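Open the structure in your viewer and get ready to select a few residues and helices. We will go stop by stop, and each stop tells you what to pick and what is there.

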Amino acid sequence: MTTNGQGLSSKVHEAVVEVASVPIISDHDTLKYHLLGPSLTKAGQDTVDQQKVSEVIYNASKGSKYFNNEEHKDKNLTQKIEKILARKRQLERVDLASDLRRADEYIAELELSRDLSQTVVHIDCDAFYAAVEELDRPELKHVPMAVGKGVLTTCNYHARKFGCRSGMAGFVAMKLCPDLICLPLNFAKYTAKAQEVREILVEYDPRFESASIDEAYLNITQYCEEKHMDPEDAVSQLRNEVAEKTKITISAGIAANAKIAKIASNRNKPNGQFTVANDRATIVAFMRDLPTRKVNGVGRVFERELDAIGVKTCGDLYSQRAYLSKLFGEKAFQFLMQCYLGLGRTKVQPAEDYERKSVGTESTFHDMSDKTELREKLRWIAEELEKDLTRTQFKGKTLVLKVKLHTYEVLTRQVIPPKAVRTADDLYTYSLPMLTKHEKEIPGMKLRLMGLRCTHLVSTKRSGTDFFGMRHPSAADGEPGPVNTTVDDNGEWEVWPEEEFEEAARQERQDEMNELEQLSQEQDTNGSDPLTAEEQLEEANRRHKHGREILPNPDPTYRGPNSSVGFQKPATNHVPPAKEEEPFWPCPICARPQSTNDKDFNDHIDFCLSKQTIKEAATETSSSPPALEKPLLDGRGKENSNSNSNNGGSGSGRGRPKGKRKSEVVGDRGNKRLFFGLQRT
């Protein structure tokens, strides 16, 4: 393993690999590694004894409901891995020449999609919440400090030396570092500072993409061309500007695509940058020795499954390429092969440009079993979801109820109402039977979390009524509006499957945070100024709710009296002008939008009517019957000669796996990222 600039030193990585690869003597060997948490690869822990940390976490949480739940999940994962290994042993006795050939063909096809023309940057604020707090209390810069009391949201680098990190129960962190100072969360302060950073990023890429409150992707190709700057110089300038204007530091990764840029941004933390040259040999070498856990989209579970079959680094994937689709599925095979090659998306766009897949809200609370209280809680959640749906201008065709039992078991049910729902009354009416069914199936049911989510969304944005009283097709008529497709400027498909895996890993981390919040409520915290149980619940729910707003990128052309405007822009009173849609009247015959000028509109109707009349006359006198089917078109609007196949085209488009239908390729594009101020629930 190489050690230059990696987030974990070789010593720490070897300790991690050792814990994960030791032969299983007891079920708790793997459990201790699992308890290290989702943020094991956080920077700043080079000298930490991870085995000691795992022992502290193990002993501190042993006997709790959280521990019992983690133990249960670890046993289930162990059983799953045993099945994977049994399946692999079967495959080893079979001729997999065809699978090997197919894998090599896919790798060759992926190579043709490699784009080395773009420069993508991932920026990550260093210990963001802690850094913001240190601006108000400079004395905290020199002592171990963390933000978040029930569960740590972030730690400064002094605290990380003791093994403290984000996603760790506060009372566990106090055992690792008794002098740790924990501050309560102040989201208003963090979002205001995040907006200051955003206003600088927009100068380098107006269409930058926020990934969370403290990280973002930029494509600086055009900026570098216009300013005649090398990417390294441009990013160095960006980092210096952020440090000077906001008084916080950021680290950056520079690469040919978003996947590698994110990995690289963790190399020289804090306050550093790392470049992976836009060269195939450099990229492949960079990925070869990279632990799979360092790839965004590979969580603790997937890491352990891959480790079981002998895959510890991305370079190990090649030797197992014939087995991957058989063991983990086709999507995982595609994702892992792209990891091996160091391929990823080059397209960066604002968060609001993505099609949203769901809107939901949830709440944690003390163990609750009273039916009246549960219904009151459900009603409150329905009202909160109505607010979110109104704000985001959606309603849902599918309603999902999520509950977490006092044993930490998570259950979900879903229903398809007879109409798309948005109001609290409808949300409550259609979710109550699902809750009642849970109560019947689980006598004496106790819950500690409840949530509602709408999926299969329909836009409620209205564009007015036309001359004939007809609404625009994208209006709230129960039909979905236009779907954002993933077609690049050349008309070729740019599809990468990592979004689904990144979302799964993100959800894994969020679930871990939720469970650690409950663990912290079970323990008797001994730290200074501990939170009460009610305060911990409030902190947990504020963390879930925080930053749900989808905000557009700042306007780089606007220069108000105050350069820093915060998330709601109260300081400048500047409200960006609303985008006015050009008025139109849909033609009642061809349904195409037409000018609202009376004469032009009437002339078009006359034309359509005459054209329709001519068509009907021609059909009646034609000796050949009219065509019953229209030819299938490919992604560029050309007729597909192989219309009866499942390929939907030649399948040779950029980044599009061979043999995939168009619907399979574009159907999964959605709002899979968190952005500055947005946390998915």
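Select alanine 127 to begin: this residue is buried, with a relative accessible area of 8%. Here buried means under 20% relative accessible area, exposed means over 50%, and partly exposed is in between (1.4 Å probe, protein chains only). Alanine 127 sits in the loop between strand 1 (120–125) and helix 6 (128–136). Helices (H or I, at least four residues) and strands (E, at least two) are DSSP runs, numbered from the N terminus. What is the phi of alanine 127? Phi is positive, about 45°, although alanine 127 is not a glycine. Most residues other than glycine have a negative phi, and most peptide bonds are trans.

A word on what you are looking at. This is a predicted model, in which local features need pLDDT of at least 70 and side-chain atom pairs count only at pLDDT 80 or more, while totals for chains, interfaces and linings use all residues. Residues are numbered from 1 along each chain as its sequence is written, and side-chain values use heavy atoms, with hydrogens and water left out.

**Zoom out: the chain**

Show the protein chain as a cartoon, and you can look for 22 helices and 14 strands. Of its 681 residues, 52% are buried. Contact means heavy atoms within 4.5 Å. Among contacts in the protein chain with a separation of 6 or more, 71% are between residues 24 or more positions apart.

**Next stop: the loop with proline 270**

Select lysine 269 and proline 270: the peptide bond from the one to the other is cis, with omega near -10°. Proline 270 belongs to the loop between helix 12 (258–264) and strand 8 (273–275). Asparagine 271 is a residue other than glycine with a positive phi, near 55°. Is asparagine 271 buried or partly exposed? Its relative accessibility is 40%, so asparagine 271 counts as partly exposed.

Two packed helices are described by the angle between their axes and the distance between the axes. Axes are lines fitted to C-alpha atoms, for helices over the stretch in contact, and angles run from 0 to 180 degrees between N-to-C directions.

Select helix 9 (residues 187–204) and helix 11 (residues 231–246): they pack at an angle of about 150°, with their axes 10 Å apart. That makes helix 9 roughly antiparallel to helix 11. Angles under 35 degrees count as roughly parallel, over 145 as roughly antiparallel, 65 to 115 as roughly perpendicular and the rest as oblique.

To see where they meet, show side chains: those from helix 9 include Val197, Ile200 and Leu201, and those from helix 11 include Ala234, Leu238 and Val242. The residues of this contact between helix 9 and helix 11 divide into seven nonpolar, two polar and four charged. Ala, Val, Leu, Ile, Met, Phe, Trp, Tyr, Cys and Pro count as nonpolar, Asp, Glu, Lys and Arg as charged, and the others, Gly among them, as polar.

Stay in helix 9 and click on lysine 193. Lysine 193 is buried, with a relative accessible area of 11%. Leaving aside neighbours within four places in sequence, lysine 193 is in contact with Phe128, Val132, Leu135, Thr246 and Ile248.

**Next stop: helix 15 and its surroundings**

Select helix 5 (residues 97–112) and helix 15 (residues 321–328), which pack at an angle of about 100° with their axes 7 Å apart. Helix 5 and helix 15 are therefore roughly perpendicular to each other. By class, their contact has four nonpolar, one polar and five charged residues.

Why is helix 15 described as largely enclosed by the rest of the structure? Because seven of its eight residues are buried. The buried residues of helix 15 pack against helix 4 (65–92), helix 5, helix 14 (300–308) and helix 16 (330–341). Just after helix 15, find glycine 329, which takes a positive phi of about 105°.

**Last stop: leucine 389**

Select leucine 389 in helix 17 (residues 371–392). Leucine 389 counts as buried, at 0% relative accessibility. Not counting residues up to four places away in sequence, leucine 389 touches Val359, Phe394, Lys395, Val421, Arg422, Leu427 and Cys454. Finish by drawing a distance from leucine 389 to threonine 460: these residues are 71 residues apart along the chain, and their C-alpha atoms are separated by 9.2 Å.
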